[in-house]
Amino acid sequence: MNKRDFPKIHFYDQDFVDIYDKTWNWLSDYWVDPVKKENSSDGLFIYPMDGKYVLDQLESIFSSFFLVYSNRNYAANKNIDYFYARQEESGAIRWKYDADTNTPIFTQENPEGVGIPLFAWAEFNLYHKSANKRRIKEVVPILQRYMIWLENTFKKENGLYSVPYQFSTMFNSPREGAFYPVDFNCCMAINAAHMSALGDILNDKELSFSYKKMYFSLKTRINGLMWDSETGFYHDLDIEEKKLPAKTIAGFWPLLAELPNADRADILISHLSNPQTFGTDHPFPSLSADHPMFSLDGEGFRGSVFPPFDFMVIKGLEKYQRYSLARECAIRHLYYILEGLSPIDTKQKGDLYEAYLPTKEGPAIMHDWVAFPRKRFVHFAGLSTIALMIENVIGLSISLPRKTVDWVIPNLEIMGIEKLSLKRNLITILSNKSNRGWEIQMESEKLYYFTINILDQKKKTLPIPSGKCSMLIDKL
């Protein structure tokens, strides 16, 4: 195999395979050396806007979740390391940087330039796809200083954090008056939980315990102050700790943070199937469909569907073992992305977009901003066409340090992955129907442990030796 090849996927719907391949092919256009102003695989992952090169914290963190599958053609940590290199003495890391001048960007809405605090979540994922423990040792001190800055600058006496709601780029969401945004506080809880997990990897009991304590403290406060039993939802709070009425996509971050108990999770998840709130044809709108400002055109964060927020919700469903619903939503979301790429109206040329319509095919519309949504926005779309495709549609979960591959198969279909590089180990896992029945074919250069979960009826863990082997599902 040419080391420059990307892993190949197999799926019964060839359109899904094609959009996966196209995303990898288009990526090279957005790896840029900002100094030389030319494409370079050693550059940074940037979407140029009006000739400017800006690095965005949210885009950089989220895109690492699909770049880990590039077979090391692109470094998933490159943009993240750019942010670390610009950490200030106070511990601050800002939300956006001008890559031409390497200076932070501040706005009137976000004077401190605070961004989405999820570096530890990204590092935990990078570790499980690379098994690079040395990197964890190097980045933990940076992340600790960053968390201290966040605490010193934004934490209030009630234990919650107050930042502008625009930190997550939800620029025109009807969240005016949000003093304690639910998403920022949940992201702090997610980051604290993963800081604790990084402490466990380093066998640093003190680090692990201190962040676990921080996580449970935030969990108690968010559940106590932000949950509304009447709406069955988590809400932003105003300066007086009163819940704001709007239900936005931000209210689903508690799932990923594993904050609600089983009963609350059931109520919250039910919104995802309710067409009156978030169960629109294209899952999931950024604003509840029963809000007076909800727009069928999307209008930015007033109804548009954004791939990173769909990714967040689907990963939250996984935390509560809702694998079938997560897969169903991922497939529906991908079908709408496919429609945007190949529209029925042949007068329009299709593409991958930053955001989509909530109830029909096509890109979102914003009547007072023609540049929205950005076209061929692979920074967001790759989360759906690559990460969700591998993890939720095909159903593979991989951990290099544990030497494990888990495969959840909700339907017996022809599907799988071929020549995926796990460090120095290329693996292939395919399900096919032969004259002997359904068969899993595997090829690997080194031993690993394979857990297969079929239709929630059969679950088995087997050591897979190097070389080729196969197993019949009926014999499991």
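Of the 476 residues in the chain, 58% are buried, where buried stands for under 20% relative accessible area. The model is a predicted one. Its accessible surface amounts to about 20100 Å², and carbon and sulfur atoms account for 48% of that area.

The overall dimensions come next. Along the principal axes, the C-alpha atoms occupy a box of roughly 65 × 55 × 55 Å. The radius of gyration is 22 Å, which agrees with a compact globule, because a globule of 476 residues would have a value near 23 Å. As for contacts between residues at least 6 apart in sequence, 61% of them link residues at least 24 apart.

DSSP runs give the chain 12 helices and 17 strands. Three of the strands form an open sheet in the order β3-β2-β4, and the pairing is antiparallel. Its edge strands, β3 (38-39) and β4 (44-45), each pair on one side only. Strands of a sheet pair through backbone hydrogen bonds, in either a parallel or an antiparallel sense. Between β2, which covers residues 31-33, and β4, the antiparallel pairing runs over two bridges. Here W31 lies opposite F45 of β4.

The largest nonpolar core contains 158 residues. Which residues have the most contacts inside this core? They are F252, W253, I429, I440 and F450. For F252, the residues touched, leaving aside those up to four places away in sequence, are F233, L268, H271, L272, F278, M312 and V313.

Notes. Residues numbered from 1 in each chain as written. Predicted model: local features only at pLDDT ≥ 70, side-chain atom pairs only at ≥ 80, totals over all residues. Heavy atoms only, no water. Core = buried A, V, L, I, M, F, W, Y, C linked by side-chain atoms within 4.5 Å. Buried < 20%, exposed > 50% of the residue type's maximum accessible area, 1.4 Å probe, protein only. Contact = heavy atoms within 4.5 Å. Pairing = 2+ DSSP bridges. Helix = DSSP H or I, 4+ residues; strand = E, 2+ residues; numbered from the N terminus. Rg over C-alpha atoms; globule rule 2.2 N^0.38 Å. Areas by Shrake-Rupley, 256 points an atom, 1.4 Å probe, with all protein chains shown as cover.
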